[in-house]
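Subject: Structure handover

Hello,

Here is the structure I promised to pass on to you. Please have a look at it first, and then read my notes below.

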Amino acid sequence: MEMIKKATVFDAAEILALQKMAYVSEAELYGNFDIQPLKQTVADVEESIRTHHVLKYLFNGKIIGSVKAHENEGTCYIGKLMVHPDFQNRGIGRKLVQEIEQLFSGYRYELYTGSKSVKNISFYEKLGYKAFKTHRLDFEETIFVFMEKQPVLLKKIRLFS
């Protein structure tokens, strides 16, 4: 049984374990295991769940995917999209992003990923995201690609009879 549900603080330890597993490939790509996702604690994830909208993707009762988002001044900021390595390339990440986009319908969306993460960049491009800047964040040496997706505006169609 598969489903997407809102995470609670009781999910923090399981989400953190998934996060550490999912972000090892990023650490390997950059040759840096001192990245923020690998340094976070259960308390950090609990705080994130309190302040963000965090979704969990359940498969047979186990969390195998997660994503978080929050809104500020008309932009939905998406982060920490992760899928268990054994379940990647099955559409789970896409479903999680689409669920966030539905929850924040009509907003501009923004996210970032490592500039060397070609697979992630390609994934987001397939979902309609476009790179708009590269930037190094204060907490890490990695250069990140910031990507955005504009809201879909429904056009009114007039039919004349």
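A word on terms first: two strands pair if DSSP finds at least two bridges between them, and helices (H or I, at least four residues) and strands (E, at least two) are DSSP runs, numbered from the N terminus. This is a predicted model, in which local features need pLDDT of at least 70, side-chain atom pairs count only at pLDDT 80 or more, and totals for chains, interfaces and linings use all residues. Residues are numbered from 1 along each chain as its sequence is written, and side-chain values use heavy atoms, with hydrogens and water left out.

The sheet

Seven strands form an open sheet with mixed pairing, in the order β1-β2-β3-β4-β5-β7-β6. At its edges are β1 (2-6) and β6 (130-136), each pairing on one side only. From one strand to the next, the twist averages 25° (axes are lines fitted to C-alpha atoms, for helices over the stretch in contact, and angles run from 0 to 180 degrees between N-to-C directions). β1 pairs with β2 (residues 53-59) in the antiparallel sense over 5 bridges, and K5 has K56 in β2 as its bridge partner. Helix α1 (residues 12-22) packs on the sheet and touches β2, β3 (62-72) and β4 (75-83); contact means heavy atoms within 4.5 Å. The direction of α1 makes about 95° with that of β3.

K149

You will find K149 in strand β7 (residues 143-149). K149 is buried, at 17% relative accessible area (buried is under 20%, with a 1.4 Å probe and protein chains only). Its side chain has a polar contact of 3.2 Å with that of E101, and a polar atom of the K149 side chain lies 2.7 Å from the backbone oxygen of L127. A polar contact is a pair of N or O atoms within 3.5 Å; within protein, one must be able to donate a hydrogen and the other to accept it, and residues adjacent in sequence count only if both atoms are side-chain atoms.

The cavity

Helix α4 gives the most to the lining, with 4 residues.

Best wishes

Definitions and conventions. Buried means under 20% relative accessible area, exposed over 50%, partly exposed in between (1.4 Å probe, protein chains only).
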